[in-house]
Amino acid sequence: LVTVFCIQGCATGGKEPVRSTGMLWFGLQPCQYKRWQKDLRSPVTNFSLTMAVHTILKMGDLRLFRAVRPVTEFGTDALRQLVADMHDTMRAAMGAGLAAPQIGVDRQVVVFGSDVPNPRYPDRPLVPATVLINPVITPVGDEEALDWEGCLSVPGLRGRVPRWSHIRYTGYDMQGNAIERDVDGFHARVVQHECDHLAGILYPMRMRDFTQFGFTEVLFPEMDPGLDD
Ligand code: NI
């Protein structure tokens with residue numbers, strides 16, 4: 001058992017973390033463990049770790065429907081902390097990606113991908129773990145693809161969403177280095193979904209056929225509800 005200090009209610013704008021304890025129920029990534037080791041709070045309880053799993057805002061919260069501001073300063077402690085908190089929150093929820101507005105932060109930052117398969121999307125190709133800041137997406141060609149999406153801010157539901165099949169995206173990493181990629185398929189879909197959050201758009205707002213929008217337990221009864229978002 002590992003004791004975890006979680007910051008609760010941080011998405012409501014409170015700056016003072018409220019500590020509570022819980023059990024670590026998902027596996028430690030080596031990089032997380034290394035970071036948490038540096039954050040050990042007590043010489044006595046050597047297995048106490050610090051992390052920040054934020055409350056994920058749900059559809060209906062107006063903070064999900066605003067266009068958020070670009071990042072203007074790179075390589076700062078505040079940006080590193082935001083990205084670390086987003087990673088902790090995304091992993092705890094087993095998400096494929098997370099955007100800053102989903103934890104109530106008004107900045108153009110998204111994280112997505114993983115270097116190990118996502119249990120929610122075990123058959124999907126791996127998307128490299130990426131921090132993408134101030135992104136710009138340009139479609140390549142006009143081909144669209146329809147596929148199922150879920151969203152941590154729209155729990156319990158799935159919808160079949162049209163997206164550009166092939167895109168080029170640009171942006172910056174945490175240090176301000178330029179990122180430019182030409183991608184298609186699932187990678188292109190994940191990037192479009194996450195970057196939509198920065199413009200205040202949730203995936204149901206992209207849908208055209210609402211007969212293909214429904215509860216995961218109805219659409220995919222064989223899916224483990226524990227893996228539902
Ligand atoms: Ni989402």
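View 1. The model shown here and in every other view is predicted. Gln108 sits in the loop between β4 (97-99) and β5 (109-112). A polar atom of the Gln108 side chain lies 3.0 Å from the backbone oxygen of Val68.

**View 2. Asn134, a strand residue with positive phi.** Asn134 belongs to strand β6 (residues 130-139). Its phi is near 50°, a positive value in a residue other than glycine. Buried or exposed, at 15% relative accessibility? Asn134 counts as buried.

**View 3. Met94, a loop residue with positive phi.** Met94 is not a glycine, yet its phi is positive, at about 55°. This residue lies in the loop between α2 and β4. Helix α2 spans residues 77-92, and strand β4 covers 97-99.

**View 4. The nickel site.** Which protein atoms are donors of the nickel ion? They are SG of Cys151, NE2 of His193 and NE2 of His197. These donors lie 2.1 to 2.3 Å from the ion. In sequence, the donor residues follow the spacing C-x41-H-x3-H. Cys151 lies in the loop between β7 (144-149) and β8 (157-164), and His197 lies in helix α3 (residues 185-198), so the pair ties together parts that are 46 residues apart in sequence. Cys151 counts as buried, with 3% relative accessibility. His197 is buried too, with a relative accessible area of 2%.

**View 5. A nonpolar patch on the surface.** Met59, Leu62, Phe65 and Met205 make a nonpolar surface patch of about 410 Å². Leu62 is found in the loop between β3 (48-50) and α2 (77-92). Why does Leu62 count as exposed? Its relative accessibility is 67%, and exposed means over 50%.

**View 6. Glu217 and Leu157.** Glu217 is part of helix α4 (residues 216-219). At 66% relative accessibility, Glu217 counts as exposed. The C-alpha atoms of Glu217 and Leu157 are separated by 8.3 Å. Along the chain, the two residues are 60 residues apart.

**View 7. The whole chain, as context for the close-ups.** The protein chain has 4 helices and 11 strands. Of its 229 residues, 44% count as buried. Contacts between residues at least 6 apart in sequence include 65% that join residues at least 24 apart. The accessible surface of the chain comes to about 12100 Å². Carbon and sulfur atoms account for 56% of that surface.

Note on methods
Residues numbered from 1 in each chain as written. Predicted model: local features only at pLDDT ≥ 70, side-chain atom pairs only at ≥ 80, totals over all residues. Heavy atoms only, no water. Patch = residues over 30% accessible without salt bridge, like charges linked within 9 Å, V, L, I, M, F, W, Y side chains within 5 Å. Areas by Shrake-Rupley, 256 points an atom, 1.4 Å probe, with all protein chains shown as cover. Salt bridge = Lys/Arg side-chain N within 4 Å of Asp/Glu carboxyl O. Helix = DSSP H or I, 4+ residues; strand = E, 2+ residues; numbered from the N terminus. Buried < 20%, exposed > 50% of the residue type's maximum accessible area, 1.4 Å probe, protein only. Polar contact = N/O pair within 3.5 Å; in protein donor to acceptor, adjacent residues only side chain to side chain. Donors = N, O, S within 2.8 Å, 3.2 Å for Na, K, Ca; no water. Contact = heavy atoms within 4.5 Å.
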